[in-house]
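Trainee: Could we go through this model term by term, setting each value against the definition behind it?

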Amino acid sequence: MRRTPRRRGSRPEQRERRGQGSADVSGRIEAGRPGDGAPVSERIATAVIELVGSGGYESVTVAAICGGAGIDRATFESSYDGKEDCFLRVHGAIADELCLRVNAAFAAPSSWLDRIWAAGWAAFGFLHEDPLRARFLLVEVNGAGSRAQSRRDRIIEGLAELIDGGRNELEEPGSVSRCTAEMVAGAIYGTVLARVQGGAAERREHFLPELVYMATMPYLGARAAEDALLVQPLR
Amino acid sequence: MPPGRHLIPHDFVAQNQRERLLLATAELVAERGYQKTTIELIAKTARVALVTFYEHFKGKEECFLAALDESAAAAGEVFAELVDPGQPWQDQISLGLEVFLEMVEKEPARAKLCIVEAQAAGRPSLARYQEMLESVAPKLREGRALNPRASLMPDGLEVAIAGGIAWLVHRRLLAGEADGLKALLPEMLQVTLTPYLGEAEAGRAADAAQARVAA
Amino acid sequence: MAKGTAKGKGKDSAEGEGVGRQTTRLPAGRHGLPREFILQNQRERITTALVDVVAERGYNATTVANITKAASVSRRTFYEHFPDKEACFLAAYAMVSSHILDSMQVAADAFEAWPQKVRAALATMLRFLAGEPELARVCMIEPVAAGGEIAARHRSLMQSFVTILKAGRPQHSGKRPLPEATEETLVGGIISLIVREINAGRTEQLEKLLPDLVELTMAPYLGAEEAARLARS
């Protein structure tokens with residue numbers, strides 16, 4: 001089945017989320033711990049991220065979220081339909097922010113290779129900025145139900161779309177299908193997941209070169225891809 | 001089993017029950033997901049008493065993990081049987097990949113269990129999934145001997161490639177498109193072999209695989 | 001501070017195995033040492049010897065015989081470790097470049113801001129090359145002359161500096177976007193200046209280049225004034 005590439009920036013879940021109120025977690029980073037003055041959605045997000053981080057999705061209760069956020073049950077229930085809904089919204093907001101930053105970085109340079117690097121730097125900056133949030137975004141989503149799994153799958157698809165642009169670097173763009181980009185995206189996501197699981201975000205590890213190596217291998221060839229491995233980022 | 005004298009040894013019955021339970025688990029989880037599969041349902045589908053379930057497994061998780069392990073072991077046996085370690089490395093990889101895709105096409109429920117559901121059934125299960133990916137690494141790694149610049153290659157490359165293959169299959173399983181998987185063999189092979197052999201050689205292997213699949 | 005360059009002066013380098021000059025030769029005969037240790041020791045001796053010989057004769061004039069003699073290993077031992085002279089050079093090059101890059105990273109870690117990181121990294125690189133004139137020649141001059149795989153690897157490594165610099169771009173969006181070729185030009189310029197100094201026999205004064213290099217490198221991002229301030233501080 002021939003798949004035509006989708007145009008960038010038109011992912012459905014991006015459009016649908018713009019209409020809803022969503023937990024804004026970007027403010028967390030500058031403010032550190034949100035105090036009483038922080039908006040409710042922010043405090044809920046923080047509580048969810050911490051609770052899931054310490055005990056896993058299964059262990060989290062609405063009561064614990066309310067306690068951690070310093071709100072009463074009624075307030076929670078006026079905004080969320082329950083634990084899963086809350087998790088998905090918090091997760092969605094984080095995923096959106098990452099996508100925004102990555103897409104913005106991707107848009108700037110003019111060569112595909114530079115775009116891949118720029119997107120990568122943006123993603124790593126995001127991960128290292130807040131390791132707990134990184135862990136929440138990538139690791140905890142696995143145990144959080146099928147809608148969360150779908151969300152994760154969409155993130156990988158988004159990555160595949162960025163990578164698929166490499167086809168234009170080939171002499172015959174038609175010689176390779178979207179399947180290659182999907183496979184590479186899966187490989188990259190799996191690598192990032194395993195590393196974040198192992199504490200790479202806390203240790204601020206830089207393994208972007210190996211990811212660029214994987215992303216560029218099918219489109220620029222083995223020699224050019226290996227060049228990426230020589231890059232040692234200045235952290 | 002009715003009370004009284006039994007001709008069939010208890011071990012056999014137990015083994016048979018265990019197998020039925022594992023089979024039921026695989027089918028149910030593939031169909032409705034891990035969360036929605038209950039012990040009652042497993043026992044019922046396996047035509048086994050609830051009490052008997054607990055004779056074999058402490059709980060749902062243990063049963064699921066056993067199903068995973070058994071599938072992985074069965075797959076390992078198939079590979080061992082069909083892939084000849086005496087063959088050139090790239091031929092082993094090509095055949096191994098083809099065998100894998102065929103296994104998925106033939107038993108999509110079991111494949112879904114190992115590739116999709118394993119990631120969503122708790123931390124021990126996720127750990128098993130990781131182990132499955134890692135088990136492929138040593139064979140892939142043998143290819144490094146063919147690359148004069150192997151020292152540059154990242155350590156996690158093999159596991160990453162396994163993850164990429166798993167992801168492709170994952171997508172198709174979710175979309176109910178397991179049937180068309182073998183058609184992806186040439187492209188998957190190209191991506192897999194390029195880091196070791198370079199794109200030209202990998203392309204040749206992919207073309208040869210294309211011919212096999214088309215036949 | 002006087003810096004000896006001849007073999008045997010034994011500069012110690014606590015950080016880098018194989019970068020220092022003194023590596024002991026194992027007594028002949030059965031030593032009861034684990035094979036891995038012997039291999040590692042031999043490999044280090046060979047790569048160290050290669051650096052010395054290439055610094056003296058140039059890559060193209062260097063033969064495997066020259067290397068084995070300097071390393072006090074047999075020809076057979078050499079070929080147990082490396083298929084040829086080129087592979088040996090690539091290994092040495094990889095080792096030295098990793099060492100320099102790691103040192104640059106450590107220096108950059110001491111600072112939070114990108115411009116300071118870049119300056120610290122540049123300073124470290126210049127200091128290292130200035131302190132090891134033989135290595136400087138072997139890493140910056142010889143690879144180009146060697147051609148083939150070695151020159152390709154060298155070009156790739158220099159190109160990687162372009163990628164590293166580019167990573168800083170998003171933080172410094174000026175009033176108008178920078179030309180695409182900015183980093184390429186900067187890195188090309190930096191390397192060209194370093195090579196000029198080495199060729200002129202002024203390797204040991206390389207650190208004098210630092211202020212100018214910092215100012216030129218950071219000017220497109222910070223503006224001329226701030227770049228000058230950074231360079232002279």
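Predicted model: local features only at pLDDT ≥ 70, side-chain atom pairs only at ≥ 80, totals over all residues.

Trainee: What makes up chain B, and how many helices and strands does chain B have?

Mentor: Chain B has ten helices and zero strands, where helices (H or I, at least four residues) and strands (E, at least two) are DSSP runs numbered from the N terminus. Its C-alpha trace spans about 70 × 35 × 35 Å along the principal axes.

Trainee: Why is α8(B) called roughly antiparallel to α9(B)?

Mentor: The axes of α8(B) and α9(B) come within 11 Å and cross at roughly 175°; axes are lines fitted to C-alpha atoms, for helices over the stretch in contact, and angles run from 0 to 180 degrees between N-to-C directions. Angles under 35 degrees count as roughly parallel, over 145 as roughly antiparallel, 65 to 115 as roughly perpendicular and the rest as oblique, and therefore α8(B) is roughly antiparallel to α9(B).

Trainee: Which residues make that contact, and what is their class?

Mentor: From α8(B) the contact takes B:Leu157, B:Ile161, B:Gly164, B:Ile165 and B:Leu168, and from α9(B) it takes B:Met188, B:Val191, B:Thr192 and B:Pro195, two residues being in contact if their C-beta atoms, placed from the backbone, lie within 7 Å. By class there are seven nonpolar, two polar and no charged residues, given that Ala, Val, Leu, Ile, Met, Phe, Trp, Tyr, Cys and Pro count as nonpolar, Asp, Glu, Lys and Arg as charged, and the others, Gly among them, as polar.

Trainee: Which elements of chain B give two or more residues to the side that touches chain A?

Mentor: In the whole interface, 29 residues of chain B are in contact with 28 residues of chain A. The elements of chain B that give two or more residues are α7 (123-141), α8 (157-174) and α9 (185-197), and the largest share, nine residues, comes from α8(B). This side of chain B has 14 nonpolar, ten polar and five charged residues.

Trainee: How many residues of chain C are in contact with chain A?

Mentor: Here 17 residues of chain C are in contact with twelve residues of chain A. On the chain C side, α4 (85-109), α5 (114-131) and α8 (148-166) give two or more residues each, and α8(C) supplies the largest share, seven residues. The residues on that side divide into eight nonpolar, five polar and four charged.

Trainee: Why is C:Thr124 called partly exposed?

Mentor: C:Thr124 has 19 other C-beta atoms within 10 Å, and a residue is buried if 20 or more other C-beta atoms lie within 10 Å of its own, exposed if 12 or fewer, and partly exposed in between, with C-beta atoms placed from the backbone; C:Thr124 is therefore partly exposed. It lies in helix α5 of chain C and, not counting residues up to four places away in sequence, touches C:Ser103, C:Met104 and C:Ala107.

Trainee: What share of the residues is buried in chain C, and in chain B?

Mentor: Buried residues make up 36% of the 233 residues in chain C and 42% of the 215 residues in chain B.

Trainee: What makes a set of residues a nonpolar core, and which residues have the most contacts inside the largest one?

Mentor: A nonpolar core is a set of buried Ala, Val, Leu, Ile, Met, Phe, Trp, Tyr and Cys residues joined through C-beta atoms within 7 Å. The largest has 191 residues, and those with the most contacts inside it are A:Val48, A:Val184, A:Ile188 and C:Leu50. Helix α6 (residues 83-107) of chain A gives the most to this core, with twelve residues.

Key:
Residues numbered from 1 in each chain as written. Chains lettered and ligands numbered in written order.
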